[in-house]
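Please keep the sequence and the model in view while reading.

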Amino acid sequence: MAKFYITTPLYYLNGNPHIGHASATIAADVISRWHRMRGDDVFFVTGSDEHGEKNQKAAEQLKKDPQAYVDGLVETWKKAWGSLDISYDDFIRTSEKRHEAAVPDFLARLKKAGDIYKGFYEGWYCVHDETFITDTQLRDGKCPECGRAVTRVKEESYFFKLGRYQDLLLGLYAKNPSFLSPSYRADEVKNRVRGGLKDLSITRPSLVWGIPFPGDSKHTVYVWVEALLGYMTVLGWPGKGRFGEFWPADVHLVGKEINWFHTVIWPAMLMSADIPIPRKVFAHGWWTVDGKKMSKSVGNVIDPIKISKAYGVDAFRYFLIREKPLGEDGDFSEAALKARINGELVADLGNLVYRVLSLAERFDGNIEGTPELDKHLDIKRIDALMLELDLFGALNEIWAFVREANRYVNEKEPWKLQGDALGNVLYNLLEACRVISIMIGPFMPSTSAKMRSQLGVGQGYLKDCRFGKFDGKPKKGSYLFTKIEN
Ligand code: MSP
């Protein structure tokens, strides 16, 4: 059985999840479910990045102790993932013992490699992004990433010799080009690395909410350094067990603005610690809302739970994958969501299944025939797209098949047929619906289950996505989706 290990970012707990977090987690869920359907042994991890100044400040604002604050909020996140049907295998919190206890082991390895030294950091810090920023990186005196005000920092600090890893990193990118995915984001990283790497400050003095730096507890480990380790501590590292089974990770799915941490800092630290490098970091794009950047101050932050309650979890999941390629930016609007629901889920899929089952229910002959509709189905190609993380492309192909099936109904006009001719058309349509129910499973798990129950078929795997004998017991049920009226 092939092993497959995928992670989402470990999210800061300075608020509730929004659609940006939800879409990344849903994408990772879709990928995980697809791999499970292939028969792979999947380990899917999400979690929370709980230390650092940003979380500490969020707790202070509410006059709460940071631990009590994150303990409360993490439940909201877990509940959100539950209601969006996220099938994670483990959830790592960086304030857990299993994480905190392992961090000193990792730092000891960097130290042993001669990669840690004490120095002095002078520059800027963005609390929102928990990032050190140099004078030249500032944009109009603000954080180049989020545009917020930055703090001047002059502090004693321990450093990691990131500068030493320039050639090794460039070597890694050359040897494994798909490590930097999608490829159109690779140049940016490579150019910056070619331009030279400054050593990285890996501790913060005077920050109480964090993991004490081993051997010098006046310092706290820089939140990014320990958070990245969550991808290993969740597997029980430094223990060998599950770590031995699943490491290196197959995919770290991350947002484009945190690509640098995952494709430069993370592999350099792993090289220093002599630990294998993950196979791929995939940087996804961002959502705007009604054409604007989503922000608390604009007041356009979309709550994924509210939206999925209003429109349905599966419709929301479908929309997020269908609306834009994973790597690219895209726009969210309720109007666009409604258009997808009415135009595709109701009119294409819902309509197909309802029509087919209505006919099947009235038919008392043999549902048998010759496969013909399957010539429009290229499951190998769909699988290949999924393995490349082109979820958008794969769903597009699946949908083309749904539309072919509808076209087949219109062309064959089965309501005018009877006997074997009708049996043949129904055979093709029911097999198409069965295969569709399998293929959409990772994207829309409840809809897939509902379809299977209406078709009277059991759970299917990727290997079952070809026409064989239809042996279901079809029984028309309610519509899969209902039209959204204005
Ligand atoms: N804690 C770090 C990650 C550490 S991983 C070891 C972090 N957390 S975060 O809570 O800020 O989550 C950020 C994630 O949400 C990023 O991957 C980011 O790209 C994503 N998004 C934030 N706003 C977004 C949109 N508007 N659209 C899509 N994703 C966005 O960074």
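Predicted model: local features only at pLDDT ≥ 70, side-chain atom pairs only at ≥ 80, totals over all residues.

**A buried glutamate**

Glu344 counts as buried because its relative accessibility is 9%, below the 20% limit that defines the term.

**Surroundings of Glu344**

- Glu344 is part of helix 13, which covers residues 334-362.
- The side chain of Glu344 makes a polar contact of 2.9 Å with the side chain of Arg322.

**Strand 2 and its partners**

- Strand 2 spans residues 41-49, and eight of its nine residues are buried, so the rest of the structure largely encloses this strand.
- Strand 1 (residues 3-12) runs parallel to strand 2, and eight bridges join the two.
- One of the residues involved is Ile6, whose bridge partner in strand 2 is Phe44.
- Between strand 1 and strand 2 the chain passes through helix 1 (residues 19-38), which gives a right-handed β-α-β crossover.
- Strand 2 also runs parallel to strand 3 (residues 90-93), to which four bridges join it.
- Ser48 has Arg93 as its bridge partner in strand 3.

- Four strands make up an open sheet with antiparallel pairing, and their order is 5-4-6-8.
- The edges are taken by strand 5 (131-133) and strand 8 (200-201); each has a single partner strand, so one side of each has no neighbour in the sheet.
- Three bridges connect strand 5 with strand 4 (residues 116-126) in the antiparallel sense.
- Phe132 in strand 5 stands opposite Tyr125.

- Gly330 belongs to strand 15, which covers residues 330-332.
- With a relative accessible area of 15%, Gly330 is buried, since buried means under 20%.
- Apart from residues up to four places away in sequence, Gly330 touches Trp286, Trp287, Thr288 and Lys324.
- Val289 is 41 residues from Gly330 in sequence, while the distance in space between the two is 8.6 Å, C-alpha to C-alpha.

Conventions:
Residues numbered from 1 in each chain as written. Heavy atoms only, no water. Buried < 20%, exposed > 50% of the residue type's maximum accessible area, 1.4 Å probe, protein only. Pairing = 2+ DSSP bridges. Right-handed = clockwise from strand over helix to strand, strands pointing away. Polar contact = N/O pair within 3.5 Å; in protein donor to acceptor, adjacent residues only side chain to side chain. Contact = heavy atoms within 4.5 Å.
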